[in-house]
Amino acid sequence: MRMFTLLVLVLLMPFTTQAQDITQPDPPKSLKKMVDSGAQIFYLGEFEGMNGWALIRQGKPEFFYENRDRTAMVMGLMFNGEGEMITMGQLTSLNRRVGDDMYAATGGSLSQHKQAQIAQPPVTDTPAPVVRELTQAQRMYTDLIASNWITINETGKHDVFAFIDPDCPHCKQMIREMDSAFSNDQIKLRVIPIGISDAGQRKAAVLLASANPEEILLKYAHGDNSALSAPQNINTKAVENNKKTLLEWGFDATPIVVYRTLKGEIRVVRGRPYDLNNLIDDIEKN
């Protein structure tokens with residue numbers, strides 16, 4: 001955290017030096033999957049034949065260096081032979097070129113998050129389960145799980161997915177109406193952000209990249225328009241993929257709400273639910 005704090009302080013200092021034009025190569029193919037899922041990527045420049053990249057996801061920066069032939073890449077900070085940190089100088093140059101866009105894309109925070117530990121299944125002699133063909137509803141639900149989403153109220157009891165456009169008034173109203181379900185830990189809302197307009201796409205991309213998307217979206221839904229702004233050059237690939245999923249399943253508006261009942265039945269609500277108590281009862285009793 002001390003190193004990240006130092007980097008933030010350097011980047012937020014005012015600069016008067018003229019920006020330097022840098023010819024930017026294509027991003028490394030090995031980072032494409034992370035960029036496609038919503039990470040923001042910035043070219044740092046070249047040093048000793050190594051092209052540097054800053055990748056930001058969920059408000060946390062990561063630094064990568066790829067050799068000239070694009071046959072190998074390392075992750076971490078770059079130092080020269082005298083022990084001087086090259087990465088810091090490259091970040092300073094980046095700030096001159098793109099200004100605050102780098103941090104606007106992350107919600108203005110470099111807070112760290114603990115990595116979730118993935119439990120390994122125990123080794124047993126139990127026969128493998130019989131694989132059955134999924135129904136159309138189950139395939140759709142699987143696509144939603146595999147999409148790019150954020151969570152409001154992680155401690156909520158029931159998973160509810162929702163395609164949401166940040167600028168959709170009905171989406172904002174639905175989020176406001178769920179306040180009691182959030183405070184009572186009844187609903188864990190998995191927001192799949194899309195954008196109808198270009199501005200909406202950029203705002204949706206900010207939510208996927210942000211370190212604090214829940215806070216930002218709740219403030220925005222409750223009328224704080226300053227809570228959600230987006231730079232022009234933000235990566236919207238993940239949002240475009242979300243919209244593609246929406247359209248592939250025949251939906252053409254937001255919000256679209258999807259949930260699974262106690263017995264595994266999958267329900268779809270087109271538009272905002274008018275009675276959340278009925279929705280929760282359906283989840284728990286059917």
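Here is a short chat about the cores and aromatic pairs of this predicted model.

Colleague: Which residues touch the most other members of the largest nonpolar core?

Modeller: That core holds 34 residues. Helix H8 (residues 198–209) gives the largest share of them, 5 residues. As for the residues that touch the most other members, they are Val 160, Ile 187 and Leu 189.

Colleague: Where do the buried residues of helix H5 fall, seen down its axis?

Modeller: Helix H5 spans residues 136–145, and its buried residues are Met 140, Tyr 141 and Leu 144. Seen down the axis of H5, these fall within an arc of 100°, so what they line is one face of the helix.

Colleague: And which strands and helix do the buried residues of H5 pack against?

Modeller: Let's go along the chain. There's strand S6 (158–164) and strand S7 (187–193), then helix H10 (237–248). The list ends with strand S8 (256–260) and strand S9 (266–270).

Colleague: Is the pair of Tyr 43 and Trp 53 stacked, edge-to-face or tilted?

Modeller: Planes under 30 degrees apart count as stacked and over 60 as edge-to-face, with the rest called tilted. Here the ring centres of Tyr 43 and Trp 53 are 4.9 Å apart and the planes sit at 55°, so the pair is tilted.

Colleague: What about the rings of Tyr 141 and Phe 161?

Modeller: Both Tyr 141 and Phe 161 are buried. Tyr 141 is in helix H5 and Phe 161 in strand S6, 20 residues apart. Their ring centres are 5.5 Å apart with planes at 80°, so this pair is edge-to-face.

How values were computed:
Residues are numbered from 1 along each chain as its sequence is written. This is a predicted model: local features need pLDDT of at least 70, side-chain atom pairs count only at pLDDT 80 or more; totals for chains, interfaces and linings use all residues. Side-chain values use heavy atoms; hydrogens and water are left out. A nonpolar core is a set of buried Ala, Val, Leu, Ile, Met, Phe, Trp, Tyr and Cys residues joined through side-chain atoms within 4.5 Å. Buried means under 20% relative accessible area, exposed over 50%, partly exposed in between (1.4 Å probe, protein chains only). Helices (H or I, at least four residues) and strands (E, at least two) are DSSP runs, numbered from the N terminus. The arc is that of the directions from the helix axis to the C-beta atoms. Contact means heavy atoms within 4.5 Å. Rings of Phe, Tyr and Trp (its six-membered ring) pair if their centres lie within 6.5 Å; planes under 30 degrees apart count as stacked, over 60 as edge-to-face and the rest as tilted.
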